[in-house]
Amino acid sequence: MAAARKHRIAVIPGDGIGKETTPEGIRVLEAAGRRFGFELQLTEYDWSCDVYAKTGKMMPDDGLDQLKDSDSIFLGAVGWPGVPDHVSLWGLLIPIRRGFDQYANVRPCKLMPGARTPLANRTPAEIDFYVVRENTEGEYSSVGGRMFPGTDREFVSQQSILTRTGTDRIMKYAFELAMTRPRKKVTSATKSNGITFTMPYWDERFEEMAKQYPGVTTDVFHIDILCAHFVQHPDWFDVVVGSNLFGDILSDLGPAVAGSIGIAPSANINPEKIFPSMFEPVHGSAPDIAGKWVCNPIGQIWSGAMMLEHLGEKEAADAIVKTIEVMLAEGGPRTRDMGGNAGTVDVGKALAEAVAKF
Ligand code: ATP
Ligand code: MG
């Protein structure tokens, strides 16, 4: 028998319900490994707000060094009341995203059976798209400053920076993703009618990239009307690409349109695989329900499926997503947020069993 394919995974459960969802994610990933012939080598890190309270650091100074040889990072959630967001964000998430050049933030927005979309009368076939956000530059450049503070000449400015490399590589990622999808369509989020240097450049690079993908159809919307279309015409979209700020907005709006926060997955990807990519549910640590073991583990499990796809285990990844869909459609166990009364572990176990039999 051929040796099993091995994937080294760094697991960071983090805070709150992250500690409840990650074990269920691992349970399903391991079931998929047994079924599809790969092995996971897991290393767990306790980096979290608890550790911050004891050590003053979210992760050790050599944290990135410890993670760099893993193939992927599987994260639960970080953040806890009492620890300011900028500490948990800038102490852990941002250093990992930036240090490992995870420039594509990718969120599938797919309506699952039984998910509570706020849009009336929408069927799963009508909401099935991806938001691709540029994750390293653009509006979040931190270049700028305040002049003449406290005087009546006071002013502030902040630069938005688009590099050709940074713009082209996120466009390319979006087009490549569209090529793997049946509809093969990319929508660009812009605002070139109001932001007169960077956004026309964004449009220009989008058009340029589109020429290299004649099989992909494209359209372009200004961010304001695009937000309205997400709500009114979610069926128009397949892959939507946005700059750091516009992508940030759309990557919260998209999963919201697709229903329950508990099931939405996300990925921070370094497509060239020079560095590990990171996979985490969209939701946070949910202090209001943490410790009760009632949270929905599906966002974590689906993030695990995205991780497997990135690691080249597409068959296993598809099987997990399909299993989630079938379980929800057939009235399998569901947590409170989806109108059921199952616990976190019940849902994880049911999915692991179904994946094993896939
Ligand atoms: P962030 O930490 O990203 O800022 P947040 O604090 O805004 O997130 P969450 O922690 O995601 O928000 O929680 C928002 C609401 O959604 C809470 O009421 C929480 O209980 C609920 N929620 C979040 N994740 C889940 C889940 N997996 N299952 C059930 N409910 C969830
Ligand atoms: Mg929070």
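Predicted model: local features only at pLDDT ≥ 70, side-chain atom pairs only at ≥ 80, totals over all residues.
Local features here require pLDDT of at least 70 and side-chain atom pairs pLDDT 80 or more, whereas totals for chains, interfaces and linings use all residues. Residues are numbered from 1 along each chain as its sequence is written, and chains are lettered from A and ligands numbered from 1 in the order in which they are written.

**Exercise 1.** Determine how H5 and H6 are oriented to each other.

*Solution.* Helices are DSSP runs (H or I, at least four residues), numbered from the N terminus. Axes are lines fitted to C-alpha atoms over the stretch in contact, with angles from 0 to 180 degrees between N-to-C directions. For H5 (residues 164-179) and H6 (residues 198-211), the angle is about 45 degrees and the axes are 10 Å apart. Angles under 35 degrees count as roughly parallel, over 145 as roughly antiparallel, 65 to 115 as roughly perpendicular and the rest as oblique. H5 and H6 are therefore oblique.

**Exercise 2.** Determine how H7 and H8 are oriented to each other, and classify their contact residues.

*Solution.* The axes of H7 (residues 223-232) and H8 (residues 244-257) come within 10 Å and cross at roughly 10 degrees. The two helices are therefore roughly parallel. Contact (C-beta atoms, placed from the backbone, within 7 Å) involves Ile223, Cys227, Phe230 and Val231 of H7, and Phe246, Ile249, Leu250, Leu253, Gly254 and Val257 of H8. Ala, Val, Leu, Ile, Met, Phe, Trp, Tyr, Cys and Pro count as nonpolar, Asp, Glu, Lys and Arg as charged, and the others, Gly among them, as polar. The division is nine nonpolar, one polar and no charged.

**Exercise 3.** Describe the shell around ligand 1 by class.

*Solution.* The shell has five nonpolar, eight polar and two charged residues.

Key
Contact = placed C-beta atoms within 7 Å.
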